[in-house]
Amino acid sequence: MSKSLLGKLTTLSYGFFIGLALTWFLVSFFVGSYINYVALLTFVIFSAQAYFKIRMANLALGIILMPASIFWGLQFLWMGGKTGFDLFTNIMVALSAISFVLSIVLVFGYLR
């Protein structure tokens, strides 16, 4: 894998996680009428990482996100098995799978 491709995939993963955190924050704020500090912190961390590009932070974020992606993917699969697979469950399982793949990209982004 060339370093330019790995760099592009790492940037794509930053964008994905920033977009996911921003969507999470905005939905919590406008639909739930509360400030979701975890989503806000996630947004700030990935925005800072996209700006500063600290290699060790790529490794740490990737290692943290891998089991979280697996956990939430399995959680939504279990929920879909009990209540049925609607559009929301399918989207959340797909986002968990994408998150898992991009967390692997972050771990390998440490190597560039």
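Biologist: In which helix is Thr10 found?

Modeller: In this predicted model, Thr10 is found in helix α1.

Biologist: Why is Thr10 called buried?

Modeller: The relative accessible area of Thr10 is 0%, and the word buried applies under 20%, so Thr10 is classed as buried.

Biologist: What makes Lys8 count as exposed?

Modeller: Lys8 also has its place in helix α1, but its relative accessibility is 61%, and since exposed means over 50%, Lys8 is therefore counted as exposed.

Biologist: How far apart are the C-alpha atoms of Thr10 and Val107, and how far apart are those of Lys8 and Thr83?

Modeller: Thr10 and Val107 lie 97 residues apart along the chain, with their C-alpha atoms separated by 9.3 Å; for Lys8 and Thr83, which are 75 residues apart along the chain, the separation of the C-alpha atoms is 38 Å.

Biologist: What makes a group of residues here a nonpolar core, and which residues make up the largest one?

Modeller: The name requires buried residues of the nonpolar kinds, joined through side-chain atoms within 4.5 Å. The largest such core is made up of ten residues, namely Tyr14, Phe16, Phe17, Ile18, Phe46, Leu61, Leu65, Leu102, Val105 and Leu106. At least two residues of this core come from each of α1, α3 and α4, and α1 gives the most, with four residues.

Biologist: Which residues does Leu61 touch, not counting residues up to four places away in sequence?

Modeller: Leu61, itself a member of the largest nonpolar core, touches Ile45, Phe46, Gln49 and Leu106 when residues up to four places away in sequence are not counted.

Biologist: What is the volume of the largest pocket, and which residues are the closest to its centre?

Modeller: The largest pocket has a volume of about 810 Å³, and of the 24 residues that line the pocket, those closest to its centre are Leu20, Ala21, Trp24, Trp72 and Met92. The elements that each give two or more residues to this lining are α1, α2, α3 and α4.

Biologist: How do you know how many residues of that lining are nonpolar, polar or charged?

Modeller: Residues are sorted by type, with Asp, Glu, Lys and Arg counting as charged, and by that sorting the lining of the largest pocket has 18 nonpolar, six polar and no charged residues.

Biologist: What is the mean pLDDT of the chain, and which elements have the lowest and the highest mean?

Modeller: The mean pLDDT of the chain is 94, and 96% of its residues reach 70 or more; among the elements, α1 has the lowest mean, 94, and α2 the highest, 97.

How values were computed:
Residues are numbered from 1 along each chain as its sequence is written. This is a predicted model: local features need pLDDT of at least 70, side-chain atom pairs count only at pLDDT 80 or more; totals for chains, interfaces and linings use all residues. Side-chain values use heavy atoms; hydrogens and water are left out. On a 1 Å grid over the protein atoms alone, a cavity is a set of points where a 1.4 Å probe fits but cannot get out, and a pocket is an open set with protein on both sides within 12 Å along at least five of seven lines; lining residues have an atom within 4 Å of a point. Grid points are joined across faces, edges and corners, and a volume is the space filled by probe spheres set on the points. Buried means under 20% relative accessible area, exposed over 50%, partly exposed in between (1.4 Å probe, protein chains only). Contact means heavy atoms within 4.5 Å. pLDDT is the predictor's confidence in each residue, from 0 to 100.
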